[in-house]
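These are my notebook entries on one structure, kept in the order in which I looked things up.

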Amino acid sequence: MGSSVSAPFFSVMAVLANSNLFPLFFALAIGIPSAVLYCSLLLAIVTNIKHFSSAFFILVIIRAISSLINYVVTFLALRFCKIGLLLPIYLKVPRILLAFLYFIYFYAFHLENLLTAFLLLNRLSGILFLINYERLWRVGLPFVVAFSLILPLPFTAPIFGSDIYIHIQNDNVTFTIDYHKTATINYSEMAACSAVIFFIVCLLLNLATLLAYKLRNNYQQNGQDLAIERKMTIYAVATFFGQLLMAIHMFFVDITSPSFVDEHNNRFSYVQRWFNISSEQNDTLFFANFNQNPWVNDLSTVVIPAWLLLWCSSKVREIIAKKLKFSNRNPENTIHIHQIIRVSARTQPINGICR
């Protein structure tokens, strides 16, 4: 980088690298309401599964469960660590539990990438095979689900055999859950490779979907069915961009992470190798990106899917509206009102005389 460009650039990066609390508070502001909404939507779908038995909603359910579990785990695996919360307890936690937190974080990332790709494939097949696609997905759904759940395991299960430890930062307050990287095991690099593959596959699926829409504009569907199909497609495509944001974030975490060791036992990253920057500059880039993890994770895995799902499905909105109306009808208040009405009726004067 030229000095005229690098100086202001690294000044901005330094501000981001030293801003720990704002990304956390921003993530809480957008994440907690969205997580509550997502739980409500998931509950509405699961308890009324007969209305949501299509392959599309089954994939949505699995991804929602994964996202919500990951949302909770990120507090334990990342966010508490960034503010130094409960450090003495973390130092006493068994290694297997630390590995479990690490495993969930990376497993959910790979799983949600796969499910997002299959949702896009579901929408593409819905356009290409209008009549038979539900039957095709009904047959293939068990294999799709099994494939999505099993494929991430070879890339994440070895975490339980890694040397997981608590890495206390220079301020002696904040810390991270880390592991000793080797030439053959680098889970951040695996996640970055997964992000690149995910981007290429989903980009091709999106282009194919747009092309299919143009080629098949004469649908044998009524207006309501067509509107539902379009909303489902918009949901799948929009959540892809949310997941893509997380994939880009993971990619930059990997290329700025000091994963290599030179002959002097000094660690360095891809960015240092490519741009010949100093270790201090690389640390600035790493923490500037890493600090954004809370809101990037919440936006891509909880906020966008939850609110889009609420917009996408009128049936879900109808179910939630009914539950809200039912919960607002307090039986005690109803009885009390009826008692008041009866009393007032008895005491109402007739011809100037009370009953």
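Entry 1, a bent helix. I looked up H2 and found that it bends by about 30 degrees at glycine 31, with proline 33 following within four residues; the bend at a residue is the angle between axes fitted to the seven residues ending there and the seven starting there. Helix H2 covers residues 21–47, and its 27 residues reach 38 Å from the first C-alpha to the last, close to the 39 Å expected at 1.5 Å a residue, where the expected span is 1.5 Å times one less than the number of residues. Helices (H or I, at least four residues) and strands (E, at least two) are DSSP runs, numbered from the N terminus.

I note here that this is a predicted model, in which local features need pLDDT of at least 70 and side-chain atom pairs count only at pLDDT 80 or more, while totals for chains, interfaces and linings use all residues. Residues are numbered from 1 along each chain as its sequence is written, and side-chain values use heavy atoms, with hydrogens and water left out.

Side chains of opposite charge can pair when their charged atoms come close. I counted as a salt bridge a side-chain nitrogen of Lys or Arg within 4 Å of a carboxyl oxygen of Asp or Glu, and the structure holds 3 salt bridges. In one of them, the side chains of arginine 79 and aspartate 298 meet at 2.4 Å, N to O. Arginine 79 lies in helix H3 (residues 55–82) and aspartate 298 in helix H12 (residues 293–312), so the pair ties together parts that are 219 residues apart in sequence. Both arginine 79 and aspartate 298 are buried, where buried means under 20% relative accessible area, exposed over 50%, and partly exposed in between (1.4 Å probe, protein chains only).

I then turned to helix H13 (residues 314–328), where lysine 315 and glutamate 318 are 3 residues apart and therefore separated by about one helical turn; their salt bridge has an N to O distance of 3.8 Å. Lysine 322 forms a salt bridge with glutamate 318 too, the closest N and O atoms being 3.3 Å apart, and salt bridges that share partners join Lys315, Glu318 and Lys322 into one network. Lysine 315 is partly exposed at 27%, glutamate 318 is partly exposed at 36%, and lysine 322 is exposed at 53%.

Where does leucine 119 lie? I found leucine 119 in helix H5 (residues 95–128), and it counts as buried because its relative accessibility is 0%. Leaving aside neighbours within four places in sequence, leucine 119 is in contact (heavy atoms within 4.5 Å) with Phe56, Leu59, Val60, Arg63, Tyr235 and Ala236. The C-alpha atoms of leucine 119 and arginine 63 are separated by 10.0 Å, although the two are 56 residues apart along the chain.

Entry 4, leucine 203. Leucine 203 is in helix H8 (residues 187–215) and counts as partly exposed because its relative accessibility is 35%.

I noted 14 helices and 4 strands in the protein, and buried residues make up 45% of its 355 residues. Residues 24 or more positions apart account for 76% of the contacts with a separation of 6 or more.
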